[in-house]
Amino acid sequence: MPAPYLQSYESRLANYNNPAARALLECIARKQSNLCVSVDVSTKAKVLEVVDAVGPSVCLIKTHIDIVEDFDADLLDQLEQLSKKHDFLIFEDRKFADIGNTVVLQYSKGVHQIASWSHFTNAHSVPGPGIIAGLASVGLPLGRGLLLLAEMSSEGTLAKGEYTEATVQMARESRGFVVGFIAQQRLGRADEDFLILTPGVQLGSAGDSLGQQYNTPAAVVGKGADVIIVGRGVYGKAGKEAVREEAERYKKEGWAAYEQRMKAAQA
Ligand code: S5P
């Protein structure tokens, strides 16, 4: 029997109880898309334009809701409508990094009320397990899922080696809520199944001037990514039609790489 991640997305449903993880695996299989587009734009109109353009091609939309200058509750309503129209889930890339009591408040309160609309969020493991316990107390009753930042795509990251291993261990102790990692490669033992979401993906660029490092969809899926996260590679194109086409291109690349991974495992 090949390792869980070498099996189909559908068959991996059996390994997850978490409702958000299950919904994501189902959506990936239904749409034949392992593409997450990161919509890092700073006005409401632009967010909605990009999401409407890429929606048909993605399983997941990643937001940085705190960069939207004219944020209001209507944006969340419209995002939810688009998620129904185009069939995708939402991941607020909040990168929580504080003590449990503080992240409870940051996750559930304030202007953004992240837990009320975001199927997934993420957290750094640096504070220790209290951050997971705090976020779980809010997110689990709502059926949300958490991703731990086990590695980063940026040059000089400290998230490596023992830090990464300790992060995986923290995830093992909270499997109902922690569904996987933001990472650059497959993590965990061969018999374990964690979702691996990999940012730092772009075709035709090695990085930016601020330390971001890029790999291709084929390279990251080959190393174990289940979902590829693409930001500027998609929304950076000029015009809604070009953005739509680019999302479709990454969707095809990501899916072909997944099929290749399955084929290699069967050979
Ligand atoms: O290690 C990481 C983790 C994340 S979540 N490296 C990243 O780049 N990210 C996020 O992915 C980052 O915050 C941004 O929203 C996106 C990458 O954007 P791109 O424009 O470089 O593709």
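**Two glutamines, a helix pair and an annotated site**

Glutamine 113 sits in the loop that links helix 4 to strand 4; helices (H or I, at least four residues) and strands (E, at least two) are DSSP runs counted from the N terminus. The model is a predicted one, in which local features need pLDDT of at least 70, side-chain atom pairs count only at pLDDT 80 or more, and totals for chains, interfaces and linings use all residues. Residues are numbered from 1 along each chain as its sequence is written, and side-chain values rest on heavy atoms, with hydrogens and water left out.

Although glutamine 113 is not a glycine, its phi is positive, at about 40 degrees. With a relative accessible area of 40%, glutamine 113 is partly exposed (buried means under 20%, exposed over 50%, and partly exposed in between, with a 1.4 Å probe and protein chains only). Glutamine 32, in the loop between helix 1 and strand 1 (35-39), also is not a glycine and has a positive phi, of about 50 degrees. Its relative accessible area of 43% makes glutamine 32 partly exposed.

Turning to helix packing, the axes of helix 2 (residues 44-54) and helix 3 (residues 73-86) come within 10 Å and cross at roughly 5 degrees. Axes here are lines fitted to C-alpha atoms, for helices over the stretch in contact, and angles run from 0 to 180 degrees between N-to-C directions. Helix 2 and helix 3 are therefore roughly parallel, a label for angles under 35 degrees, while those over 145 are roughly antiparallel, 65 to 115 roughly perpendicular and the rest oblique. Helix 2 brings Lys44, Val47, Leu48, Val51 and Asp52 to the contact, and helix 3 brings Asp74, Leu75, Gln78, Leu79, Leu82, Lys85 and His86; contact means heavy atoms within 4.5 Å. Sorted by class, these are six nonpolar, two polar and four charged residues, where Ala, Val, Leu, Ile, Met, Phe, Trp, Tyr, Cys and Pro count as nonpolar, Asp, Glu, Lys and Arg as charged, and the others, Gly among them, as polar.

An unreviewed UniProt entry lists Asp93, Lys95 and Asp98 under "active site". From this set, Asp93 and Lys95 belong to the lining of the largest pocket. Lysine 95 lies in strand 3 (residues 89-96) and, at 26% relative accessibility, is partly exposed. Beyond its neighbours within four places in sequence, lysine 95 is in contact with His64, Asn122, Ala123, His124, Leu149 and Met152.

Helix 5 (residues 130-139) is mostly covered, with seven of its ten residues buried. These are Ile131, Ile132, Gly134, Leu135, Ala136, Val138 and Gly139. Their cover includes strand 3, helix 4 (100-108), strand 4 (120-124), strand 5 (145-149), helix 6 (161-172) and strand 6.

Phenylalanine 194 is another buried residue, at 0% relative accessibility, and it is found in the loop between strand 6 (178-182) and strand 7 (195-198). Leaving aside residues within four places in sequence, the contacts of phenylalanine 194 include Arg12, Tyr16, Val168, Phe181, Leu187 and Asp226. Not counting residues up to four places away in sequence, serine 8 touches Tyr258 and Met262.

Key
UniProt positions are given in the numbering used here, feature names are shortened, and annotations may be inferred rather than shown by experiment. On a 1 Å grid over the protein atoms alone, a cavity is a set of points where a 1.4 Å probe fits but cannot get out, and a pocket is an open set with protein on both sides within 12 Å along at least five of seven lines; lining residues have an atom within 4 Å of a point.
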